[in-house]
Amino acid sequence: MNKDVEILKALAHPVRLGIVKALYEHGEFCACEVCGLFDCDRTTASKHLAVLRRAGVIEAERDGKMIIYRLALPCLGDFLSCIRNISKEERIID
């Protein structure tokens with residue numbers, strides 16, 4: 001149960017959720033590319049990536065001086081689609 005909570009907490013920040021969505025849609029990114037996707041500096045992006053990595057949401061691989069990140073939990077795509085569908089339904093009801 002604790003791992004479930006850790007994963008959901010990691011996803012509960014807008015930037016981290018955005019990183020996961022971007023990785024799901026594009027496959028992989030280096031940390032410098034993550035900075036370009038969001039309005040944050042390298043240090044902040046690295047901290048967000050570290051939270052996701054500790055939770056087991058993403059994995060990293062060194063390629064020379066770069067670290068390449070990708071989803072470790074590809075099933076998150078289904079989870080994100082489900083959430084997107086729920087939020088669309090709520091907008092229709094409102």
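How much of the accessible surface of the protein chain belongs to carbon and sulfur atoms? I looked this up first. The accessible surface comes to about 6,400 Å², and 55% of that area belongs to carbon and sulfur atoms. I note at the outset that the model is predicted.

**Entry: overall fold**

I next read the secondary structure. The protein chain holds five helices and three strands. Followed along the sequence, these elements give the pattern α-α-β-α-α-β-β-α.

**Entry: burial and contacts**

I checked how many residues are covered. The protein chain has 94 residues, and 31% of them count as buried. For contacts with a separation of 6 or more, I recorded that 55% are accounted for by residues 24 or more positions apart.

**Entry: charges**

I counted 14 positive and 14 negative charges in the protein chain. I then searched the whole structure for salt bridges and found three.

**Entry: Lys3 and Glu6**

I examined the pair at Lys3 and Glu6, whose closest N and O atoms are 3.7 Å apart in a salt bridge. Why can these two side chains be related through the helix? Both residues belong to helix α1 (residues 2-11), and because they are three residues apart there, about one helical turn separates them. Glu6 has a relative accessible area of 31% and is partly exposed. Lys3 is likewise listed as partly exposed, at 40% relative accessibility.

**Entry: Arg70 and its partners**

I turned to Arg70. Its salt bridge with Glu28 has closest N and O atoms 3.0 Å apart. This pair links distant parts of the chain: Glu28 lies in strand β1 (residues 28-30) and Arg70 in strand β3 (residues 66-71), 42 residues apart. I recorded Glu28 as partly exposed, with 40% relative accessibility. Arg70 has 22% relative accessibility; since buried means under 20%, this residue counts as partly exposed.

I also found a salt bridge between the side chains of Glu61 and Arg70, at 3.3 Å from N to O. Which residues do the shared partners join into one network? Glu28, Glu61 and Arg70 are joined in this way. Glu61 has a relative accessible area of 45% and is partly exposed.

Note on methods:
Residues numbered from 1 in each chain as written. Predicted model: local features only at pLDDT ≥ 70, side-chain atom pairs only at ≥ 80, totals over all residues. Heavy atoms only, no water. Helix = DSSP H or I, 4+ residues; strand = E, 2+ residues; numbered from the N terminus. Buried < 20%, exposed > 50% of the residue type's maximum accessible area, 1.4 Å probe, protein only. Contact = heavy atoms within 4.5 Å. Areas by Shrake-Rupley, 256 points an atom, 1.4 Å probe, with all protein chains shown as cover. Lys, Arg positive; Asp, Glu negative; His and termini not counted. Charge placed at Lys NZ, Arg CZ, Asp CG, Glu CD. Salt bridge = Lys/Arg side-chain N within 4 Å of Asp/Glu carboxyl O.
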